[in-house]
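Open the model in your viewer and keep the sequence panel beside it. This tour says what to select at each stop and what is there.

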Amino acid sequence: MLVLSVLSAAELSAQLRTLNSLNTRSSFSMPAEIRFPVPVHASPAGGLLGYRTDSNAVVLLRNDGTGQWNNVRTLARTQNVTDLTAGDLNNDGLDDVVIVHRDQNSVEVLMSRRSDSAYVSSTYPVNFYPERALIGDITGDRIPDIISYGKLSSGLSILQGRQGGRFLPQRTLFENIPVSDCSLIALNGDAVPDVALHNWLTNETTIHLGLGKLKFSEQTVLSFAQDTVRTLFTDLTGDNITDVAVLSLQNGTVQVLHGDGLGNFSFAQITPLSALSYRITAGAFTSVRKDLLVFDNAQRTAALLINRGDGTFYDEIVYGTGAERPDVVITDMNYDNRNDAVIIAAGEGRYTVLWNAGNAREEAAPRRTLAVGASPSNLYVGDITSDGLDDIVVSNEGSSTVSILASNGTSFGGQLTVETPERPVSVSLYARSDSGLTLYTAHREDPRVALYGLRREQDTLASLVGDVEQFSIALPERPVNVLPDVSYMQKGISLYAFMSTAPNAIVFYQQVKGTRFLAKSLVPLVPSRIAYSTINDLNYDGKTDLLYVTAGGGTKASSLGVTMNDSTGEFKGKVFSYAVADSQLRRALVMVEDFNGDQRKDCLLYSAPEQSLRLALGIGDAMFGPFERIIDSITVNAPEQLQVYDVENDGIMDIVHLNREDGSLTVHRGKGNGRFERGRTVAVLPGTSVFRWGDFNGDGAADLVYTDPGGVSITVEYGRR
């Protein structure tokens, strides 16, 4: 019976490019638990500044250039620290430290000394209840000042800097504004500092034009009504004029406003995020222009928005952080003049470095841990960029995203993210052409198949640039497997969905126009009690043929059935049946491949409870010989535990199996005659990993990729010839 399905569609304004981004991931133990981490670039030692609550000490952690902070040095001991920051206060080229003591209504300055690398402490009274401090030249005299403020205070407390690291007594500006955030900005490029203040009572940010000598004129008001926002003031276009990025916690968007040089801001872009985020920061990862990095808490992810170069941004690249409300530090961790992102899991004694894809670590390495979304659930491996190298596509169940990682030969410099419906458990390539890609995903709880059309622009075939069109096919139940049609006879998108119940065992979906699909059940064409089914072009005629395993019962034997297609595409061709010596069959898996090099399709069958692999060699005319047992005592609970691949690069297909009980990955080397050598364990993986083989660097050797179950990364191990 034909059922007409009308599906919902969404055009996503997504410009996708495989630019260098944050790429490989390394995790380290934190040598000391610290609060208020601040990167220090110009101190005698360099590294990370922070406050240890267990010892009431301001400490400096040295960076050894490999990503590890060590050699904890105590700079001073002080109590009741509310905030700290660092900067060069006396223009001697060394970073100094400013510490906020809210309960004492004061700030403490640790002034560095070039002569002996020591720090001298001085305390200055400020306005009541300071909570944060920043270092900047608010007076325009080219000497840094200290600015402190707090939500329960009023205005800004200014300690005006003088030569030699001295400060005038504090004075208060903007006394009528309860300030929760402050930024020194450049509205018009006149070298006179301007100020942006967020009034937390009115939920407004007021922009004040600097007139000189600590006098200001209110210029612009940004009002956010009932929305909770985070505002970031920085130069995004490279014109030395401050722009604004507004993170909406309510709408899950980033809105970008460009400064016009006259004290006004104009709308430039609004970008939706895959998760409601709570924090935004900026750093130059891909060029001299600043990119945006935002963090969400519920999914424990970070999203990188790469600057196009004009102050607008490509769609987000989503990385799992694995940490709840982490601290983030943007700094060059290996001294290669490229910024990396450091994610510090508060209270967990660890931190993670997301390395810049363009850094010196991109030399060939035998193993790479790649940052992807949260809880990677499945993998697709294939050449999606048409450059002769296999690439990786990852479904991320925890962040409801797909990560696409394009190989550059030595690593995976480019990555992009596609947002999906909830909890994708698999991702596959439907089609690839010069104009784009079509991917599809299946989902944990929602019985649907989601399709994504990624269209390239015409200016380049090396980068994925264009729009994403996404729509979904509603299924009667969650599928066991979904495969693209292999027939030349169908136009548009056509898929086969295989499900577990008899009424929906095999359903064919054919695109009619746009998001309209025809759904046709193939159950009347096949026997009942199907344990597993799949498709293949068995006789190389360009048409899809059906293969299905029927479970026996009582005196009835189990069997493999084959229904050939016909000239009309109605599966009215020949029907074959092959006995399977497993009368109690409850679970099965079928793969079709040429195992002996005779250009005929052979059939590999797994069945349980016998827990064995059998092989039936092709004998011509899409027919198989009898099944022979080739491997015993093997447990396969899911298709991703098994792969047929030429691991040995000898032109003969091998069988690879992952044992989820002990994590052993075993290769059974093919002999080229339908026989296989005894299994050899080549790796031990996390038991619930998903693995795939491919050639990611074009050297002809098989490379291995596998997921970190419940984690935020995948690992690539490069093979040797």
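**Stop one: a surface leucine**

Select leucine 201, which counts as exposed at 59% relative accessibility (exposed is over 50% relative accessible area, buried under 20%, partly exposed in between; 1.4 Å probe, protein chains only). Leucine 201 sits in the loop between strand S19 (194–199) and strand S20 (204–212). Strands here are DSSP runs of E, at least two residues, and helices are runs of H or I, at least four, numbered from the N terminus.

With Leu201 they form a nonpolar surface patch of about 500 Å² accessible area together. Patch members have over 30% relative accessible area and no salt bridge; nonpolar side chains are joined within 5 Å, like charges within 9 Å.

This is a predicted model: local features need pLDDT of at least 70 and side-chain atom pairs pLDDT 80 or more, while totals for chains, interfaces and linings use all residues. Residues are numbered from 1 along each chain as its sequence is written, and side-chain values use heavy atoms, without hydrogens or water.

**Zoom out**

Show the whole chain. It has 62 strands and zero helices. Its C-alpha atoms fill a box of roughly 95 × 50 × 45 Å along the principal axes. Of the 721 residues, 58% are buried.

**Salt bridges**

Side chains of opposite charge can pair when their charged atoms come close. The structure holds 20 salt bridges (a side-chain nitrogen of Lys or Arg within 4 Å of a carboxyl oxygen of Asp or Glu).

Select arginine 367 and glutamate 717. Their closest N and O atoms are 2.7 Å apart. The pair links strand S33 (residues 367–371) to strand S62 (residues 713–717), 350 residues apart. Arginine 367 is exposed, at 52% relative accessibility.

Next, select glutamate 445 and arginine 423. Here the closest N and O atoms are 2.8 Å apart. Glutamate 445 lies in the loop between S39 (436–443) and S40 (448–455), and arginine 423 in the loop between S37 (414–419) and S38 (424–433), so the pair ties together parts 22 residues apart in sequence. Glutamate 445 is exposed at 61%, whereas arginine 423 is partly exposed at 30%.

Then select arginine 629 and glutamate 610, which meet in a salt bridge (3.1 Å, N to O). Arginine 629 is in strand S55 (residues 628–631), and glutamate 610 is in the loop between S51 (602–608) and S52 (612–616).

Last, select Glu397, Arg423, Arg444 and Glu445. Salt bridges that share partners join these residues into one network.

Note on methods
Areas by Shrake-Rupley, 256 points an atom, 1.4 Å probe, with all protein chains shown as cover.
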